[in-house]
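Notebook open, structure loaded. I want to go through the helix packing and then a few loop residues.

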Amino acid sequence: MWHGAKNLAKKITAAGQLSGQKILLKWTKDIVNHFWFCCKTAETDGHFRKLWSSVLHHVTNEHTWYLGKCLHDCLADNNEREWLESGSQAHKALEKIVLNKRWLKDVHRYLPFRSTCQLESFHNHILMYASKRFSFSPLVYEARTLLAALDYNHHKNRPPLLNKEGQLILRRQYQKKSGRWTVYTMKEEKNYSYIPDLQAAILRKRLDSDRGCPRRRILRPDDPRTLGLLPSVQPPAVDTIVESHVSRGLGPGNTHQENN
């Protein structure tokens, strides 16, 4: 679901960058939300197509048409939303995206309404402890991944942050691609209350150990460092390499001469 919604947002954003279609950028978030709603509500491909195609009517302020109607409540009369004009350049561009055959062919993958957002969030959490910018040994990387898992599991259900009146504290965020403002709910600060227990367990294991700390560690059998370098191509004979070797700027007849 998350990847499908992201792919859809990319297509609408790319179309909105073109001249005469800037209005699509203001509708990106709403169309993606409608995609989530369709995937959550529909049970068959036909039901999804019916719900999904209704967005082409809604964006033109047409909420009742010959073959159906929108499922939302009546909109307020003072709605200041900028609607698309039916048959305009922007509306035709959106129609190509919504009714794209390749897009509709993958509908069955989204109907179970499964999302990998939690997994994506955890992978992003691992990068906080084990960044790709640095190299770690297998044991250190394993330890950092376990620390990331402890942090993630302990704080994943943090309650929202409330003010003195008991109301949710919201923050504004500007989306550069869509050119619109959105809000998100603030959460309570992390407390890391599990760290004292972790430190106590480490100290207890150190005290109960009958061996000294400064000792040479033997690599485990499953440690990838025991395999050494693993080239994907088997090395040829030395004579074969010498025959095919050519120094820079020289022809085959001067393979062993230095180019000064």
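This is a predicted model: local features need pLDDT of at least 70, side-chain atom pairs count only at pLDDT 80 or more; totals for chains, interfaces and linings use all residues.

I started with where helix 2 touches helix 3: Ile31, His34, Phe35, Cys38, Cys39 and Thr41 of helix 2 meet His47, Phe48, Leu51 and Trp52 of helix 3. Contact here means heavy atoms within 4.5 Å.

Numbering runs from 1 along each chain as its sequence is written, and side-chain values use heavy atoms, with hydrogens and water left out.

Next, the geometry of that pair. Helix 2 and helix 3 (residues 45–53) pack at about 155°, axes 9 Å apart. That makes helix 2 roughly antiparallel to helix 3 (the label is for angles over 145 degrees). Axes are lines fitted to C-alpha atoms, for helices over the stretch in contact, and angles run from 0 to 180 degrees between N-to-C directions. Helices are DSSP runs (H or I, at least four residues), and strands are E runs of at least two, numbered from the N terminus.

Then I looked at helix 1 (residues 2–16) against helix 2 (residues 24–41): their axes come within 9 Å and cross at roughly 160°. Helix 1 is therefore roughly antiparallel to helix 2. On the helix 1 side the contact includes Trp2, Leu8 and Ile12, and on the helix 2 side Leu24, Ile31 and Phe35 are among the residues.

On to the loops. Arginine 109 sits in the loop between helix 6 (101–105) and helix 7 (117–129). Its relative accessible area is 58%, so arginine 109 is exposed (exposed is over 50%, buried under 20%, partly exposed in between, with a 1.4 Å probe and protein chains only). Arginine 109 and glycine 4 are 105 residues apart in sequence and 9.2 Å apart in space, C-alpha to C-alpha.

Which residues other than glycine have a positive phi? I noted asparagine 61, with phi near 65°, and tyrosine 192, at about 50°. Asparagine 61 is partly exposed at 40%, and tyrosine 192 is partly exposed at 31%.

How values were computed: Angles under 35 degrees count as roughly parallel, over 145 as roughly antiparallel, 65 to 115 as roughly perpendicular and the rest as oblique.
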